[in-house]
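Dear colleague,

Please find below the structure that I am handing over to you. My notes on it follow directly after.

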Amino acid sequence: MVCLGGATSTNEIGFMDMARIEVLRGPQGTLFGRNSTGGVINMITARPDLDGFSGRAKLQYGSDNDQQIEMMLNVPLNDEMGLRFAFNKF
């Protein structure tokens, strides 16, 4: 990872196991009241997939002992319920 001048550390961490990220730019007077200047960031995590057992792993090793691990495990329990585990280590 390369960090350019002025970039913050939140740009480097990424988002863990997201289905999608919705951004509603401000101002949002109808949502938050008159004269509000903020917007909304809605992060929706991935739901368990009930069709089958699955998993994913991404391991990276770089210079200066830089390590990054991302893992996901999807376990369906029955036709209506499942588990989804996610792990990140930077």
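Is glutamate 22 buried, partly exposed or exposed, and at what relative accessibility? Glutamate 22 counts as partly exposed, at 33% relative accessibility; buried means under 20% relative accessible area, exposed over 50%, and partly exposed in between (1.4 Å probe, protein chains only).

Before the remaining findings, a note on conventions. This is a predicted model, in which local features need pLDDT of at least 70 and side-chain atom pairs count only at pLDDT 80 or more, while totals for chains, interfaces and linings use all residues. Residues are numbered from 1 along each chain as its sequence is written, and side-chain values use heavy atoms, with hydrogens and water left out.

Overall architecture

The protein chain contains 2 helices and 5 strands, taken as DSSP runs numbered from the N terminus (helices: H or I, at least four residues; strands: E, at least two). Along the sequence the pattern reads α-β-α-β-β-β-β. Of the 90 residues in the protein chain, 9% are buried. Among contacts (heavy atoms within 4.5 Å) with a separation of 6 or more, 32% are between residues 24 or more positions apart. The protein chain exposes about 7500 Å², of which carbon and sulfur atoms supply 54%; accessible areas come from the Shrake-Rupley method with a 1.4 Å probe, and for residues only the protein chains shown count as cover.

Salt bridges

A salt bridge is defined here as a side-chain nitrogen of Lys or Arg within 4 Å of a carboxyl oxygen of Asp or Glu. By this rule the model has 3 salt bridges. One of them joins the side chains of arginine 56 and aspartate 17, at 3.6 Å from N to O. Arginine 56 belongs to strand S3 (residues 54-62), whereas aspartate 17 sits in the loop between helix H1 (10-13) and strand S1 (18-24), so this pair ties together parts that are 39 residues apart in sequence.

Aspartate 17, which is buried with a relative accessible area of 15%, also meets arginine 84 in a salt bridge of 2.7 Å, N to O. Arginine 84 itself is partly exposed, at 24% relative accessibility.

Glutamate 22 takes part in a salt bridge with arginine 20, their side chains meeting at 2.9 Å, N to O. Arginine 20 is partly exposed at 46% relative accessibility. Through shared partners, salt bridges join Asp17, Arg56 and Arg84 into one network.

Surface and strand details

A nonpolar surface patch is formed by Phe53, Leu73, Leu77, Met81, Leu83 and Phe85, with about 590 Å² of accessible area together. Patches consist of residues with over 30% relative accessible area and no salt bridge, where like charges are joined within 9 Å and nonpolar side chains (Val, Leu, Ile, Met, Phe, Trp, Tyr) within 5 Å. Methionine 81 is located in the loop between strand S4 (66-76) and S5, and is partly exposed at 47% relative accessible area.

Valine 23, in strand S1, is exposed at 59% relative accessibility.

Glutamine 68, in strand S4, is buried at 11% relative accessibility.

With kind regards
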